[in-house]
Amino acid sequence: MCQLLGMNCNVPTDICFSFEGFCARGGKTDEHRDGWGIAFFEGAGCRVFLDVNPSIESPIAQLVRRYPIHSKHVIAHIRKATFGGLALENCHPFQRELWGRYWAFAHNGDLPDFYPENAGYYRPVGQTDSERAFCLILETLRQTFPNGKPDLDQLWRVLQDVTKTIATYGIFNYLLSDGEHFFAHCSTKLCYIVRQAPFAAAHLIDEDVTVDFQELTQVSDRVAVIATTPLTDNEVWTAIAPGQLLVFRDGWPDVNF
């Protein structure tokens with residue numbers, strides 16, 4: 001299956017360290033060779049890089065690894081194709097506009113027999129079950145709240161309902177953000193770590209790279225990294241419970257949802 005990587009912070013931060021290890025799973029330390037992508041939210045904009053080449057071989061991935069783009073919301077994905085062929089339109093994250101904001105979405109899992117009716121505004125461009133799920137999520141939100149984005153409590157409840165419906169079709173781990181709120185749903189496997197003061201050194205599992213975050217951060221910084229499986233071997237990662245939909249805000253999971 002595919003793998004997910006996300007980051008949510010209280011201040012704009014680069015994801016170069018985590019992406020270094022994640023990128024290696026796209027053909028070096030794992031088998032996810034069917035494309036990759038990453039989305040960075042920057043103000044009202046969303047910078048998206050996609051490539052059908054394996055991330056470990058992609059010149060675009062090399063650029064991202066060396067270019068410290070600072071963002072408070074990042075979603076990345078490496079693909080092992082199940083539904084849909086090897087094509088740019090099937091690479092995650094997918095991006096659409098809703099309520100005057102960009103939304104980005106990436107999915108890990110399979111949704112056999114998931115073919116909702118294309119009766120709304122949002123329609124898939126590619127052939128993946130993942131993009132169909134994203135379109136249904138946004139169409140549900142658009143129809144439920146036609147006058148604009150609701151408060152977070154209302155938004156979460158409707159998102160939870162449509163997520164439960166889609167998850168009945170199979171495995172539905174996903175990351176979703178509009179640059180204001182960051183959602184992470186675990187169906188089978190997803191975990192996170194929160195880095196905050198006092199900061200320490202971290203060592204990647206997939207590459208022999210260590211970073212001492214104490215040298216790179218301010219005391220007030222807080223960063224949550226979300227991944228399919230842990231990216232480091234000297235930190236304690238927290239598993240998200242199956243069926244749980246978390247909201248991350250300012251580098252912290254909101255336990256009230």
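Modeller: Happy to. P93 sits in the loop between strand 4 (71-78) and strand 5 (94-98), where helices (H or I, at least four residues) and strands (E, at least two) are DSSP runs numbered from the N terminus. The peptide bond that joins H92 to P93 is cis, with omega about 0°. Please keep in mind that this is a predicted model, in which local features need pLDDT of at least 70 and side-chain atom pairs count only at pLDDT 80 or more, while totals for chains, interfaces and linings use all residues. Residues are numbered from 1 along each chain as its sequence is written, and side-chain values use heavy atoms, with hydrogens and water left out.

There is also a cis bond from A197 to P198, with omega near -5°; P198 lies in the loop between strand 9 (191-196) and strand 10 (201-203).

Back at strand 5, the loop that runs from there to strand 6 (101-108) holds W99, a non-glycine residue with a positive phi, near 55°. D113 is not a glycine either, and its phi is positive at about 65°. You will find D113 in the loop between strand 6 and helix 3 (129-144), and it counts as exposed because its relative accessibility is 64% (exposed means over 50%, buried under 20%, partly exposed in between, with a 1.4 Å probe and protein chains only).

On a 1 Å grid over the protein atoms alone, a cavity is a set of points where a 1.4 Å probe fits but cannot get out, a pocket is an open set with protein on both sides within 12 Å along at least five of seven lines, and lining residues have an atom within 4 Å of a point. Points are joined across faces, edges and corners, and a volume is the space filled by probe spheres set on them.

The largest pocket holds about 320 Å³. Its lining has 19 residues, with T13, D14, F213, T217 and V223 nearest the centre. Strand 1 (3-13), helix 1 (16-24) and strand 12 (222-227) each give two or more residues to this lining, and strand 1 gives the most, 4.

The whole structure has 1 cavity of 30 Å³ or more, and the largest cavity has a volume of about 90 Å³. Among its 14 lining residues, C2, K80, T82, G109 and S130 are closest to the centre.
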